[in-house]
Amino acid sequence: MGEIHVHEFMSADGVIDAPVWTFEYGFLPEMGDAIGAMTARSKGILLGRTTYEMFEPAWSVRTVEDDPGAPFFNDTTKYVVSGTLTEATWRNSEIVGAYDPDTIRKLKADVDGDLYVSGSGMLVRAMLGEGLIDGLHLFVYPLTRGEGPRLFPDGAAARKLSLEANESYGNGVVYLHYRPQA
């Protein structure tokens with residue numbers, strides 16, 4: 001059985017909305033190495049509809065010359081959680097239907113390797129609530145947003161996390177890899 005590993009760019013106050021605010025900090029090669037280690041063991045990509053619709057036009061036209069991550073995003077099967085999307089237009093994509101924790105458990109059991117999640121805040125919050133996430137890979141940026149969707153919103157269940165790895169980068173970003181405790 002594989003694991004589900006979530007990658008999020010977030011502000012210091014926990015906001016995870018569309019991270020256009022990360023651009024001014026640059027994307028350092030070491031950050032790519034951390035994400036590359038996660039994607040290297042992943043055999044599937046699990047996305048919510050909104051993130052899928054943002055990723056498809058950006059990634060589907062990229063080549064390895066444009067970005068070393070392009071083959072992973074284009075060649076790996078993408079499982080899209082959506083109750084409204086009816087057609088997957090990005091190659092190697094499957095719509096799995098509306099969020100259902102049993103469907104996610106079945107994917108974890110059936111995919112021969114880990115499932116990678118990026119963004120997909122609503123999906124991630126639902127899976128956190130069900131205990132389906134095995135790793136949180138957070139890139140925390142040195143700014144606050146004040147408002148916006150947060151990884152752990154007000155009212156979310158209290159939980160403990162164990163720190164598996166951490167790195168800090170020259171641009172002020174900190175990478176934290178947590179494993180939720182049962």
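Colleague: I'm looking at Met31; which helix does Met31 lie in?

Modeller: Met31 lies in helix α1, which covers residues 29-40. Helices here are DSSP runs of H or I with at least four residues, strands are runs of E with at least two, and both are numbered from the N terminus. Before we go on, this is a predicted model, where local features need pLDDT of at least 70 and side-chain atom pairs count only at pLDDT 80 or more, while totals for chains, interfaces and linings use all residues. Residues are numbered from 1 along each chain as its sequence is written, and side-chain values use heavy atoms, with hydrogens and water left out.

Colleague: Okay. Is Met31 buried or exposed?

Modeller: The general idea first: buried means under 20% relative accessible area, exposed means over 50%, and partly exposed is in between (1.4 Å probe, protein chains only). Met31 comes out at 0%, so it counts as buried. Compare Glu30, also in α1: at 39% relative accessibility, Glu30 is partly exposed.

Colleague: And which residues does Met31 touch?

Modeller: A contact means heavy atoms within 4.5 Å. Leaving out residues up to four places away in sequence, Met31 touches Gly26, Phe139, Tyr141, Tyr169, Asn171 and Val173. Take Val173: 142 residues separate it from Met31 in sequence, yet their C-alpha atoms are 9.0 Å apart. Glu30 and Ile133 make another pair to look at, 103 residues apart along the chain with 24 Å between their C-alpha atoms.

Colleague: What share of the chain's contacts joins residues at least 24 apart?

Modeller: Among contacts between residues at least 6 apart in sequence, 71% join residues at least 24 apart.

Colleague: Let's zoom out. How many helices and strands are there, and in what order do they run?

Modeller: Five helices and eight strands. Starting at the N terminus, read them as β-α-β-α-α-β-β-α-β-α-β-β-β.

Colleague: Now helices. Which residues of α2 are buried?

Modeller: In α2 (residues 49-59), they are Thr51, Tyr52, Phe55, Glu56 and Trp59. To see how they are arranged, look down the helix axis; the arc is that of the directions from the axis to the C-beta atoms. In α2 the buried residues fall within 130 degrees, so they line one face of the helix. Their cover includes β2 (42-48), α3 (70-75), β3 (77-81), β4 (93-97) and β5 (114-118).

Colleague: What about α4: which residues sit on its buried side, and which are on the face turned away?

Modeller: Pro101, Ile104, Leu107 and Lys108 are the buried ones. They fall within an arc of 115 degrees, so they line one face of α4. The face turned away carries the exposed Asp102, Lys106 and Asp110. Covering the buried residues are, among others, β1, β2, β3, β4, β5 and α5.

Colleague: Which residues of α5 are buried?

Modeller: Gly121, Leu123, Val124, Met127 and Leu128, in a helix of residues 121-130. Their arc is only 160 degrees, which puts them on the same side of α5. Met122 and Gly129 are exposed on the other side. The buried set packs against β1 (4-11), β2, β3, α4 (101-110), β5 and β6 (135-141).

Colleague: Last one: how do I read a positive phi?

Modeller: Most residues other than glycine have a negative phi. Here, Ser120 has a phi near 55 degrees; this residue lies in the loop between β5 and α5 and is buried, at 6% relative accessible area. Asn92, in the loop between β3 and β4, has a positive phi near 60 degrees and is partly exposed at 35%. Just after α5, Gly131 takes a positive phi of about 70 degrees.
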